[in-house]
Amino acid sequence: MTAADLSVLRADVDRRFARRRAVALGLPVLVLAYLVYIFFAFDIAGLAKRARLDNAAILLADTYSYRTAVTQDHRTDTLSVAIKGSRKGTLTPAQYPDWVKVDGKATSVELPHGAKVVMSGDTAVFTLPQYGVIRARLDAQNHIVADLPPGPRPDWISLSRTRLAVTAPEGRMNMTRSKTEVFRYSLGWAMFFFTPSSPYYGHSVVDLARAVLTGDRIDPARGNLAGMAEDFWRNDVWTHGSVAWAMFETVLMAFLGTIGAALIALPLAFLSARNFTPLMSLRFGVRRVFDFLRGVDGLIWTILLARAFGLGPLTGALAILLTDTGSFGKIFSEALENVDTRQIEGIRSTGANPVQRYRFGVIPQIVPVLMSQVLYFLESNTRSATIIGAIVGGGIGLLLTQAIATQKDWDQVTYYIVLILGMVMLMDWLSGLIRRRMIRGK
Amino acid sequence: MTNEALRGAYFRELRRRRLTGALTLALLTLAMVAGFWIADMRNSGTFFGGLRHLFDFPADILAEASRKAAKIPGECLHSLPALIETLNIAAVATLVGTLGGGLMSLLAAPGFAPFPRAVPVFRRMMDLGRALPEIVVALVLIYVLGGGPVPATIAISIHSIGALGKLFSEVNENADLKPVEGLTSVGAVWSQRMAVGVLPQVAPNWLSYMLLRFEINIRASAILGFVGAGGIGYELKNAISWGKGRYDEAAAVFILLILTIIVVDQTSSALRNRLTTGA
C-alpha cells in the first residue's frame with residue numbers, strides 16, 4: 001500500500017467519522033428542538049396554572065378512605081348519619097358507628113386525636129385539643145354566632161353570618177343556617193360488601209363467619225350464605241352484578257372480534273397469497289381490502305357501526321372484527337407465502353385432492369403462527385375493548401367513564417382500574433400459557 | 001411391537017386427536033354463536049336490523065361531501081391544527097416510550113443490568129405499564145391536569161414504555177455480550193458500556209419497533225381525543241354530533257385521519273424495510 005492510498009483511505013475514514021459525529025450530535029439537538037417546540041405547543045408553562053392539585057388530593061384520599069357525614073338539621077331538629085353523604089348510605093339509629101353518641105337531644109361526634117363535636121339543637125361545640133373550643137349557635141335573627149379561643153383566627157376557620165367552616169386535620173365541621181354537618185374520614189371502601197339496607201351491614205367478618213358456622217340466621221327469612229351472596233350481588237352502590245356483566249361484556253367483545261376476524265381472514269388470506277392465488281388482479285383486490293380495513297382505523301369503524309347497530313357490545317365486537325380482519329389477513333397471507341412446498345408435494349404424491357392437500361399439507365404448517373398471533377391479538381384487544389366500550393356504551397369502559405364523570409366515586413374508579421388491570425394481566429398470562437403449551441406440544 | 005399393535009396404537013392416537021380437535025372446534029363454534037347471540041341481545045340495535053342500514057351513514061357523508069366538495073379543502077385546513085396536535089401527542093409519547101422503554105429494557109436485561117437483583121422489579125413495572133389501558137390514565141389525568149394534550153401524552157407514554165420495554169428486552173436478549181465484556185475490561189462504566197457496546201447492536205431493531213409504535217400511537221391518540229383528550233378525535237366527535245346537513249366537516253376529518261394513517265403506515269413500513277434489510 002502506497003502513501004497515496006493511505007491518505008485516500010484516511011480521508012475516507014475521516015469523512016465517515018465526521019458524518020457519524022454529525023448524526024450523533026445532530027440527532028439529540030433535533031430532538032431537543034422538537035421538545036422545545038412541544039413545550040410551547042402543549043403550553044406546558046400554563047399547565048401549572050391549569051393543574052388542580054386539590055383535585056388530585058381529593059382523588060387520592062377518596063381511593064383509600066371515605067367520609068361519613070353527621071348532619072343536624074336546624075329546621076326540623078333531626079339528626080342523620082350518612083356514609084359518603086349519600087341517600088343509599090343513610091344509617092338507621094341502630095347502625096350508627098360507635099363514635100356517634102346520641103344522648104337525648106345532644107349528639108356527640110368523636111373525631112381522631114381527642115377532638116370532639118357536640119351538637120344540640122341550634123348549637124355546636126367543637127373541641128380541638130391542639131387549639132381550643134369553638135362554640136357556635138344560631139341567634140334570634142338566625143345568624144351564626146361563634147366564640148373562638150382568644151388570638152387571631154387561623155385560616156382554616158372561615159366565619160360569616162351565614163356560614164362557619166372549620167377544616168382541621170382531625171375532621172371538618174360546616175355550619176349554615178339550615179344545618180350543621182360534621183365529617184369524619186375512615187379507611188377503606190365504604191359499603192363494598194353490604195349497603196346499610198342489608199341486614200348483614202355492620203357485622204364484622206368474625207360475626208358473619210360465626211353466624212354461618214353456627215347456623216343462627218341474621219336475616220330470619222334467608223339462609224346466611226345465600227342471603228349474603230344475594231345482598232352482595234345486588235349491592236346497589238357497588239353494583240357487583242353489573243360490574244361482573246360489564247367485565248364479561250368486555251372480554252366478550254375482544255373474543256368475538258378476534259376469533260371472528262381470524263375466521264374471516266383465513267380463507268381471504270389464501271386468496272391474497274402469491275403461491276395459492278396465481279391470479280394477480282384477485283390477489284391485488286383482496287390485499288387492498290385488507291389495507292382498507294386496517295387503514296380506516298378502529299375508531300372510524302366504531303363510529304360508523306354505532307350508527308347502524310346502535311350502542312352495545314355487538315357494535316364493539318364488530319368494530320374489532322373489521323379492523324383485525326385487515327391485520328390478520330396481512331399476517332396470515334405472509335405466513336402462507338412462507339409455507340414449505342415440500343410438505344404439500346408429499347401429500348400430493350399420495351394422491352390427495354386439493355382439499356386434503358390444504359388440510360394436511362398447509363394447515364399444520366401455519367396453525368402455530370396463526371394461533372400465536374390470534375392469542376396476541378386477543379390479549380391486546382381486551383385492552384382495546386375497554387376503550388371501545390367507553391365509546392359504544394358497553395362493558396367496563398362505560399362504567400369507568402361514568403364513575404369518573406361523577407368526579408366523586410374515586411373508590412369505584414380505583415376498583416374498576418384494579419379489575420381492568422387484573423383482567424388484562426389474566427388474559428396476558430392465559431394467552432402466554434396456551435402459546436407455550438402449543439409450542440412445546442407440537 | 002408387532003405391526004398389528006403399532007397399527008392399533010396409531011389409529012387410537014389418531015382417533016383421540018381427531019376427537020380433541022372436533023371437540024375444540026365444536027366448543028369454539030358454540031362459544032362464538034352464543035357470544036354473538038348475547039352481544040346481539042344486549043345491543044340497542046340488532047345485527048340483522050343494522051345490516052340494512054350499514055351504508056346509510058357512510059352514504060350520507062359521501063353524498064354531502066360530494067355536494068359540498070368545494071368546501072372540503074377549507075374544512076381540512078380548519079381541522080389541521082387538531083391533526084397536528086394528535087400527531088404531536090403520538091410523537092412525544094413515542095419519544096418518551098423509546099427513551100423510557102430503552103432504559104427499562106437495559107435495566108431489566110439479565111446480561112447488562114446494573115442491579116441484577118432489581119431485574120424482576122423492572123420487569124413487573126413494564127408489565128404494569130403495558131397492562132394499563134391508556135383511557136384509564138387519560139381520564140384520571142384530565143380530572144387533575146385539566147384538558148389539553150398533556151394527559152393523553154402521559155397516558156400513551158406510560159403504555160409505550162411498557163410495550164416498547166418488553167419488545168426491546170427481546171431484542172436485547174439476542175445482543176452479543178462480548179463488546180460489553182471488552183468494555184468492562186478497559187474500565188468503562190455502565191452507561192459507557194451500554195452506549196458503546198449495546199446500543200449500536202440493537203439500534204436498528206429498536207428503531208423499527210419505535211416506528212411501529214408511532215403508527216399505533218397515532219391511532220391511540222385519535223381515539224383518546226374521542227373520549228375527551230383533545231386533538232382530531234375530539235374534532236371528529238363534535239363534527240358527527242352536529243347531524244345531517246353538517247357532515248362536510250366530519251367528511252374532512254375522516255379524510256384527514258385516513259390519509260394520515262395511510263401515509264404514516266407506508267412511510268414507516270418503507271423505513272422499517274430499509275432498517276431490517278439494509279443498514
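**Entry 1: chain B, overall**

I began with the contacts of chain B (contact: heavy atoms within 4.5 Å). Among those between residues at least 6 apart in sequence, 74% join residues at least 24 apart.

A note on the basis: this is a predicted model, in which local features need pLDDT of at least 70, side-chain atom pairs count only at pLDDT 80 or more, and totals for chains, interfaces and linings use all residues. Residues are numbered from 1 along each chain as its sequence is written, chains are lettered from A and ligands numbered from 1 in the order in which they are written, and side-chain values use heavy atoms, with hydrogens and water left out.

Next I looked up the secondary structure. Helices (H or I, at least four residues) and strands (E, at least two) are DSSP runs, numbered from the N terminus. Chain B has 11 helices and zero strands. From the N terminus on, its elements run α-α-α-α-α-α-α-α-α-α-α. The radius of gyration of chain B is 26 Å, well over the 19 Å that the globule rule gives for 279 residues, so chain B is more spread out than a compact globule. That radius is taken over C-alpha atoms, and the rule is 2.2 Å times the number of residues to the power 0.38. I also noted the span of the C-alpha trace of chain B along its principal axes, about 70 × 70 × 40 Å.

Then burial. In chain B, 46% of the 279 residues count as buried. The accessible surface of chain B is about 14,400 Å², and 68% of this belongs to carbon and sulfur atoms. Areas come from the Shrake-Rupley method with a 1.4 Å probe; for residues, only the protein chains shown count as cover.

Last, charges. Lys and Arg count as positive, Asp and Glu as negative; His and the chain ends are not counted. Each charge is placed at NZ of Lys, CZ of Arg, CG of Asp or CD of Glu. Chain B holds 25 positive and 19 negative charges, and their mean positions are 8 Å apart.

**Entry 2: Glu215(B)**

Glu215(B) sits in helix α9 (residues 190-229) of chain B. Is Glu215(B) buried or exposed? Glu215(B) is buried, at 11% relative accessible area. I left aside neighbours within four places in sequence and listed its contacts: Val264(B), Asp265(B), Ser268(B), Ser269(B) and Arg272(B).

**Entry 3: chain A, overall**

Chain A has 13 helices and 12 strands. Its radius of gyration is 34 Å, whereas a compact globule of 442 residues would have one near 22 Å. The C-alpha trace of chain A spans about 100 × 75 × 45 Å along its principal axes. Of its 442 residues, 45% count as buried. Among contacts in chain A between residues at least 6 apart in sequence, 55% join residues at least 24 apart. I get about 23,500 Å² of accessible surface for chain A, 62% of it on carbon and sulfur atoms. The 48 positive and 35 negative charges of chain A have mean positions 7 Å apart.

**Entry 4: His74(A)**

I went to a loop in chain A. His74(A) lies between β1 (65-73) and β2 (78-83). His74(A) has 10% relative accessibility and counts as buried. Which side chain does the side chain of His74(A) meet in a polar contact? I found Thr180(A), at 2.8 Å. A polar contact is a pair of N or O atoms within 3.5 Å; within protein, one must be able to donate a hydrogen and the other to accept it, and residues adjacent in sequence count only if both atoms are side-chain atoms. The backbone oxygen of Gly121(A) is 3.5 Å from a polar atom of the His74(A) side chain. Not counting residues up to four places away in sequence, His74(A) also touches others, including Asp122(A), Leu138(A), Met175(A) and Arg177(A).

**Entry 5: positive phi**

Most residues other than glycine have a negative phi. I noted two residues of chain A with positive values. His113(A) has a phi of about 60°. His113(A) is in the loop between β4 (106-110) and β5 (116-120) and is exposed, at 66%. Thr239(A) has a phi near 40°. Thr239(A) is in the loop between α5 (224-233) and α6 (240-272) and is partly exposed, at 26%.

**Entry 6: Val413(A)**

I finished in helix α13 (residues 410-441) of chain A, which holds Val413(A). Val413(A) is buried, with 2% relative accessible area. Val413(A) and Ala403(A) are 10 residues apart in sequence, with their C-alpha atoms 6.0 Å apart. Not counting residues up to four places away in sequence, Val413(A) touches Leu400(A), Ala403(A), Ile404(A) and, in chain B, Val140(B).

Note on methods: Buried means under 20% relative accessible area, exposed over 50%, partly exposed in between (1.4 Å probe, protein chains only).
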